Amino acid sequence: MADPFIWDAALLRRYDTHGPRYTSYPTANAFSKDFAAEDYQAALARSNADGRPLSLYVHIPFCRKACHYCACHKVATKATKVAEPYLSRLDREMVLIKPHLDTRREVAQLHWGGGTPTFLSLDQMSDLIDRLDARFGLSSARNRDYAIEIDPREADVFTLRHLQALGFNRLSLGVQDLDPRVQRAINRVQPRILTEALIDEADRLGFRSLNLDLIYGLPFQTRDSFAATLEQVIAMAPARLSIFNYAHMPERFAAQRHIRAEDLPGPEEKLAILRITIAMLTEAGYVHIGMDHFARASDSLAVAQREGTLQRNFQGYSSHAQCDLIGLGMSSISCIDDVYAQNHTGLDAYERALDASHLPTARGIRLSFDDRVRRHAIERLMCDMELDFDELSEAFGIDAPSYLADALTRLEMPQRDGLLRKEGSRVIATPLGRLLIRHLAMAFDTHLPAQPDTLFSRIV
C-alpha cells in the first residue's frame with residue numbers, strides 16, 4: 001500500500017507538541033469568569049442585526065456507563081428519570097434566551113451531543129424537539145443539517161425511524177474500535193453487528209450523511225489491529241469518518257485512570273497507526289479534510305472545502321458557514337456575534353442558575369479586533385489548509401503580512417522543514433504539514449499559555 005505522500009517520522013515526532021484543536025479562538029482556557037450572563041444577552045441582541053442563520057447545540061450529559069477514554073462533561077447513571085428535570089431546565093434556558101433573539105432566523109443546524117443523546121427515551125426525544133420548535137422554530141428545508149450522536153448499544157431500527165420522523169437527517173455513530181480486547185480495556189464492549197445493523201437501516205431510510213467515530217492510541221491497539229478495524233469500517237461505507245487521537249490525561253479526567261499507561265501504544269506505533277489510517281482511507285476514496293476528519297469526495301464537507309466555505313466549530317468541521325451558534329445544556333459553548341459564552345460545566349451549578357431564573361453562563365470572552373483577525377486566519381488555515389493574506393487584508397482593512405509579522409516569523413522554521421510553502425500572497429500547508437496543521441495554527445495564537453502540555457493533547 002503506497003503512502004499518499006512522503007512520510008517523515010522523525011519530523012513528525014519533532015513537531016508532535018501539545019496544542020489546541022482550535023474549535024474556537026481564543027480557546028476555552030482564555031475565557032474569563034468576569035464575562036456574565038448580561039454580556040451574553042447583549043451579544044444575542046447584537047446578532048439580530050445581521051440576521052445570520054442559527055445553529056443549535058444541545059448537550060445531553062447522561063451515559064449509562066462511562067467509557068474509560070472519555071474526556072467529555074458527563075453524568076453516568078442508569079436512571080432515565082434523571083433526564084426529566086434536565087429537559088425542564090433546558091426549556092427554561094430556551095425561555096430565558098428567546099426574548100433576546102429574533103426567532104424568525106432560520107435554524108439551519110441542530111446538533112445533539114453528549115454524553116449520550118440516545119440515553120433519552122423516544123418520548124423524551126419528541127418532547128425536546130417540540131420544545132426546541134416552540135422556542136426557536138425548527139426548519140424543514142432540505143438543506144438543513146440536523147445531526148445526533150448515537151451509541152449503537154442504546155439504539156435500534158425503531159430509534160432511527162423515530163429520529164427521522166423528528167427531522168434528523170445526519171447521524172454520528174460512536175465505534176472507537178472493533179477489536180474486542182480494546183473494547184474491554186476501554187469499558188465499551190460493542191459487537192460489530194450492532195453498528196452494521198444501524199448503518200444498514202440508516203441507508204435504507206435515506207439519512208443524508210452518516211459519520212463513524214474511531215479513536216487511535218487506545219490500549220492494546222497496534223498498526224495491524226487498527227488496520228483490521230479500518231478494513232471492516234471501510235466495508236460499511238460511511239460518508240464520513242472521524243479518527244480521533246486519544247489524549248491520555250488521567251490527571252484531568254478521572255475515567256482515564258482506569259487505563260494503564262503501559263498498555264497504550266508507544267509513539268512509534270501510534271505514528272504507524274496514523275500512517276496506515278491515512279493510506280487505507282485515501283486508497284478507499286476518502287478525502288482527508290484535515291486533522292481527524294475524512295469524507296467521501298461527494299460529501300458536503302469535501303464539497304465545502306473545495307468551495308472555500310468549510311467552517312470550524314465545537315463539533316469539528318461544518319459545511320454550514322456563517323451561523324450563530326447557541327449552546328444549550330451544561331458545559332455548552334455559544335458563539336454569538338463577537339463573543340464566546342460557556343455554561344456551567346457541573347450539573348448542580350447549571351440547575352441552580354436556571355432555578356433562580358438566570359442564564360447559566362459561567363465564563364466567556366468578547367473578542368478584540370486582534371482576536372477576530374487571528375480567529376479568521378486560524379480558521380481558514382485549518383479549513384482550507386492554506387491562508388491568503390490578500391484576502392485577509394481586504395476582509396479586515398489591514399496590511400496582513402505586516403500585521404501578522406509575528407506569526408510569519410514563527411512559520412519560518414516549519415517552512416524550512418517543508419511543512420508549508422509560499423505562493424504569492426498565500427501560505428499553503430504541504431501534505432506533511434496538513435498532519436501538523438494545529439502546530440502551524442499555533443503561530444497565530446497570542447493567547448497560548450507558556451506550558452500548553454498541561455492543557456492540551458499532543459498534535460498527532
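Residues 48-283 are 39% helix and 19% strand, with the end C-alpha atoms 46 Å apart; helices (H or I, at least four residues) and strands (E, at least two) are DSSP runs, numbered from the N terminus. UniProt lists this stretch as "domain: Radical SAM core" in an unreviewed entry; its positions are given in the numbering used here, feature names are shortened, and annotations may be inferred rather than shown by experiment. This is a predicted model, in which local features need pLDDT of at least 70, side-chain atom pairs count only at pLDDT 80 or more, and totals for chains, interfaces and linings use all residues. Residues are numbered from 1 along each chain as its sequence is written, and side-chain values use heavy atoms, without hydrogens and water.

**Cysteines**
- The whole structure has zero disulfides (pairs of cysteine sulfur atoms within 2.5 Å).
- Cys67 is in no disulfide, and the nearest cysteine sulfur, that of Cys70, is 6.5 Å away.
- Cys67 has 8% relative accessibility and counts as buried (under 20% relative accessible area, 1.4 Å probe, protein chains only).
- Cys335 is also buried, at 17%.
- The sulfur of Cys335 is too far for a bond because the closest cysteine sulfur, in Cys323, is 11 Å from it.

**Cavity**
- The search finds one cavity of 30 Å³ or more (a set of points on a 1 Å grid over the protein atoms alone where a 1.4 Å probe fits but cannot get out).
- Strand 8 (240-245), helix 9 (267-283) and helix 18 (437-442) each give two or more residues to the lining.

Terms used
Buried < 20%, exposed > 50% of the residue type's maximum accessible area, 1.4 Å probe, protein only. 1 Å grid on protein atoms, 1.4 Å probe; cavity = no way out; pocket = protein on both sides within 12 Å on 5 of 7 lines; lining within 4 Å. Points joined across faces, edges and corners; volume = space filled by probe spheres on them.
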